[in-house]
Amino acid sequence: MNSKQQTVRLSDGHFIPVLGFGTYAPREVWCTFNHPERVQVCLEQSLKQLQLEYVDLYLIHFPMALKPEEDLKAKDENEKLLFDVVDICDTWKAMEKCKDAGLAKSIGVSNFNRRQLEKILNKPGLKHRPVCNQVECHPYLNQRKLLDFCKSKDIVLVAYSALGSHRETRW
């Protein structure tokens with residue numbers, strides 16, 4: 001970490017700020033876009049909305065897919081989530097294509113556990129490794145084992161809800 005600029009160096013050579021303020025532009029693939037053919041579509045929609053040519057960091061938001069829906073909800077009439085089957089390695093391959101196309105400087109994941117990270121890291125033909133894993137991490141959920149694993153693989157663990165969070169009843 002560079003204390004003057006307050007950034008963290010990622011394994012691909014790019015940097016992310018210690019605090020997510022300013023012009024740094026991360027985006028995420030929402031769960032309804034985990035199908036490989038929808039990953040770049042999701043990013044292109046974000047780029048158009050943001051009026052940018054690329055994002056600094058593109059993340060897979062969650063390791064499980066929801067049925068493709070344009071309104072992002074993917075729920076049935078009883079408000080139950082509609083899950084779908086998508087191999088996360090196929091989603092990751094589409095992420096690599098976004099990086100290669102220059103649409104994202106860096107690519108990573110969010111809400112992944114060790115097993116899910118290992119699946120990507122052990123993917124045959126892996127071109128780009130995840131540079132970070134964004135997870136809930138705070139004094140009441142310190143994620144020590146996941147942090148140690150990520151460090152051993154040169155993956156930055158990025159904390160959200162770093163001061164703690166409330167528990168939503170649906171979770």
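**Notes on the fold and selected residues**

1. Along the sequence, the protein follows the pattern β-β-β-α-β-β-β-α-β-α-β-α-β. This comes to four helices and nine strands, where helices (H or I, at least four residues) and strands (E, at least two) are DSSP runs numbered from the N terminus.

2. The model is predicted: local features need pLDDT of at least 70, side-chain atom pairs count only at pLDDT 80 or more, and totals for chains, interfaces and linings use all residues. Residues are numbered from 1 along each chain as its sequence is written, and side-chain values use heavy atoms, with hydrogens and water left out.

3. Of the 171 residues in the protein, 40% are buried; buried means under 20% relative accessible area, exposed over 50%, and partly exposed in between (1.4 Å probe, protein chains only). Among contacts (heavy atoms within 4.5 Å) with a separation of 6 or more, 64% are between residues 24 or more positions apart.

4. Helix 3 (residues 114-121) packs on helix 4 (residues 144-152) at an angle of about 15°, and their axes are 10 Å apart. Axes are lines fitted to C-alpha atoms, for helices over the stretch in contact, with angles running from 0 to 180 degrees between N-to-C directions. Helix 3 is therefore roughly parallel to helix 4, as angles under 35 degrees count as roughly parallel, over 145 as roughly antiparallel, 65 to 115 as roughly perpendicular and the rest as oblique.

5. Which residues form the contact between these two helices? From helix 3, R114, L117, E118 and L121 meet L146, F149 and C150 of helix 4. By class, this contact has five nonpolar, no polar and two charged residues. Here Ala, Val, Leu, Ile, Met, Phe, Trp, Tyr, Cys and Pro count as nonpolar, Asp, Glu, Lys and Arg as charged, and the others, Gly among them, as polar.

6. Helix 3 has Q116, L117, I120 and L121 as its buried residues. Seen down the helix axis, they fall within an arc of 140°, so they line one face of helix 3; the arc is that of the directions from the axis to the C-beta atoms. An α-helix has 3.6 residues a turn, so residues three or four places apart point the same way. The cover over the buried residues of helix 3 includes helix 2 (88-100), strand 7 (104-110), strand 8 and helix 4.

7. N133 lies in strand 8 (residues 132-136) and is buried, because its relative accessible area is 0%.

8. Y160, in strand 9, is partly exposed, with a relative accessible area of 29%. Its C-alpha atom is separated by 6.8 Å from that of Q134, 26 residues apart along the chain. Beyond neighbours within four places in sequence, Y160 is in contact with N111, Q134, V135, E136 and C137.

9. E79, in the loop between strand 5 (65-66) and strand 6 (83-84), has a positive phi of about 70° although it is not a glycine; E79 counts as exposed because its relative accessibility is 56%. D154, in the loop between helix 4 and strand 9 (156-160), is likewise a residue other than glycine with a positive phi, near 60°. At 48% relative accessibility, D154 counts as partly exposed.
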